[in-house]
Amino acid sequence: MDWQGQNLVEQIMQIMLLVFAVIAFVAGYVLGSFQMMMIVYAGGVTLTALITVPNWPLFNRHPLNWLDPSEAEKHSKPQVAVSLKKKGTKK
Amino acid sequence: MHSFGYRLNGLLTFSLTILTIMCAIASLSDNLNTPSPSAEIQIININRFQKQPQGNDEVSLTMNISADLQSLFTWNTKQLFIFVAAEYETPKNSLNQVSLWDAIIIAKEHAKFWIHTSNKYRFVDQGNNLRGKEFNLTLHWHVMPKTGKMFADKIVLTGYSFPEEYR
């Protein structure tokens, strides 16, 4: 999953879970049934999982273009200049 | 969110955290309930009123207990635990509470009931103070929730007394 996809998935996940939590609580309270709240919420969690967890193509629309290995060899890694400062050792 | 396992873990953790919050709010919603319970206890007969060999008084009695506790049930109630206790004062103890009968009510329909019963548990005093003693019968209830805080309350019924002599 590409970065844009990950961002989108995280938002979708949080919003869907919160919305289903509110719907489940209201449904349970109005119907006077704790079990109904749990069922609706469990259904919501499963639906959210199906939408956000697998690597759907819709979340891969902005793929990263990694350099080909041959291109990488041509533009070799820059050398980091290291200067060693020698400190005098104490006797 | 870079891998399947990471997303699944995030989803499960967040969903369970939200579930805890929902359960806390459900428990708080119990405070919105204003119950109006009622109860009546009649002592039909005092079957035995004797002094045990050890010197303690023992009583066996039969009661009619009727109550309407349906308003105590909310959507977040798992069961209602009720018990009847006899309360009286003696020179030795400022308050004696002896549990005579208890029951667990798991459905709102069963919370309006009438029962004719003898005391489920033995009524033994610490001493021999019961002759002619006035006592209260209290119906206590514990509303046990599915999640959250348990509420407990009682109704005190006064005006009962033991006979003057053993029988």
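1. Basis of the note. The model is predicted, and local features need pLDDT of at least 70, side-chain atom pairs count only at pLDDT 80 or more, and totals for chains, interfaces and linings use all residues. Residues are numbered from 1 along each chain as its sequence is written, chains are lettered from A and ligands numbered from 1 in the order in which they are written, and side-chain values use heavy atoms, with hydrogens and water left out.

2. Fold of chain B. Chain B contains one helix and eight strands, where helices (H or I, at least four residues) and strands (E, at least two) are DSSP runs numbered from the N terminus. Their order along the sequence is α-β-β-β-β-β-β-β-β. With a radius of gyration of 23 Å, well over the 15 Å that the globule rule gives for 167 residues, chain B is more spread out than a compact globule. This radius is taken over C-alpha atoms, and the rule is 2.2 Å times the number of residues to the power 0.38. Along the principal axes, the C-alpha atoms of chain B fill a box of roughly 85 × 30 × 25 Å.

3. Domains of chain B. The domain assignment (automatic or from a database) divides chain B into domain 1 (1–32) and domain 2 (34–161). The centres of these two domains, taken over C-alpha atoms, are separated by 41 Å.

4. Contact between the domains. Seven residues of domain 1 of chain B are in contact (heavy atoms within 4.5 Å) with nine residues of domain 2 of chain B. The two domains of chain B bury about 610 Å² between them, 48% of it on carbon and sulfur atoms; buried area is the accessible area (1.4 Å probe) that two parts lose on being put together, summed over both. On the side of domain 1, B:Ala26, B:Ser27 and B:Asp30 lose the most area to domain 2, together 63% of what that side buries.

5. Contact between the chains. The contact involves 26 residues from chain A and 22 residues from chain B. About 2000 Å² is buried between chain A and chain B, and carbon and sulfur atoms give 83% of that area. Both α1 (3–31) and α2 (34–52) of chain A supply at least two residues each to the side that touches chain B. The most comes from α1(A), with twelve residues.

6. Salt bridges. Over all chains the structure holds two salt bridges, each a side-chain nitrogen of Lys or Arg within 4 Å of a carboxyl oxygen of Asp or Glu. In one of these, the side chains of B:Glu58 and B:Arg122 meet at 3.0 Å, N to O. B:Glu58 lies in strand β2 (residues 57–68) of chain B and B:Arg122 in the loop between β5 (112–118) and β6 (123–124), so the pair ties together parts that are 64 residues apart in sequence. Zero salt bridges are found between chain A and chain B, and zero between domain 1 and domain 2 of chain B.
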